[in-house]
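I opened a notebook page for this protein and wrote down what I looked up, in order.

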Amino acid sequence: MLIGLILPLCLALGEEGSQESTYLASLAEENENWVSVSINLSPEDAGEIVSEAWYMEGIILLARGKNGGAINCFNNSIDIDPNRSISWFGKGEALRRQNRYSEAIGCFSEAIRMNPNDSAAWDNKGLALSDQGRHADAIKCFDETIRIDPKNTKALNNKGWSLYK
């Protein structure tokens, strides 16, 4: 399950290209050979493994700034396991980075539907709403993030920024 934590850590510790994000992306790259081999398996033989492999490939591409390719990988993961909330989250983040905010909000909402206590999904949904200028809605998401994780300084900062706007 450590693999499934890399994306939220990349996003929590730094923006794309930051030292922390780059380091965590390199950890994901260490698994790239495993990802490539697993992707060649059929879903019948290894559904969960294949879904995880597509998810990992998406993380690697997301960390490299290849958002379109990442979206394709997350879609493949979701096609195999539509209840994989972390893949919905990853797709949402890739869409947000492409300024496709409405689609991103839908993905974050889907991740939240599956895991209502996912503070990162609430926070990123708030960011996408804020990016659309929907600050009142964004504040509600940041409030939910803070309710789940009261020490989340990123969400506190994001809420402050939306209040300022």
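This is a predicted model: local features need pLDDT of at least 70, side-chain atom pairs count only at pLDDT 80 or more; totals for chains, interfaces and linings use all residues.

Entry 1

Entry 2. I looked up the secondary structure and found ten helices and zero strands. Read from the N terminus, the order of elements is α-α-α-α-α-α-α-α-α-α.

Entry 3. I checked burial next. The protein has 165 residues, and 47% of them count as buried. The exposed surface comes to about 8300 Å², with 51% of it supplied by carbon and sulfur atoms.

Entry 4. I looked at contacts between residues with a separation of 6 or more. Residues 24 or more positions apart make up 50% of these contacts.

Entry 5. I picked Phe108, which belongs to helix α7, residues 101-114. Is Phe108 buried or exposed? Its relative accessibility is 0%, so I put Phe108 down as buried, since the cut-off for buried is under 20%.

Entry 6. Which residues is Phe108 in contact with, leaving aside its neighbours within four places in sequence? I listed Phe89, Gly92, Glu93, Arg96, Ala121, Asn124, Lys125 and Ala128. For Asn124 I also looked up the spacing: Phe108 and Asn124 are 16 residues apart in sequence, and their C-alpha atoms are 7.2 Å apart in space.

Entry 7. I turned to aromatic rings. A pair of such rings is described by the distance of the centres and the angle of the planes. I found three aromatic pairs in the structure.

Entry 8. I also looked for a charge over a ring. The charged end of Arg84 is placed over the ring of Tyr55, at 5.5 Å from the ring centre.

Definitions and conventions:
Residues are numbered from 1 along each chain as its sequence is written. Side-chain values use heavy atoms; hydrogens and water are left out. Rings of Phe, Tyr and Trp (its six-membered ring) pair if their centres lie within 6.5 Å; planes under 30 degrees apart count as stacked, over 60 as edge-to-face and the rest as tilted. A charge sits over a ring if NZ of Lys or CZ of Arg is within 6 Å of the ring centre and within 35 degrees of the ring normal. Helices (H or I, at least four residues) and strands (E, at least two) are DSSP runs, numbered from the N terminus. Buried means under 20% relative accessible area, exposed over 50%, partly exposed in between (1.4 Å probe, protein chains only). Contact means heavy atoms within 4.5 Å. Accessible areas come from the Shrake-Rupley method with a 1.4 Å probe; for residues, only the protein chains shown count as cover.
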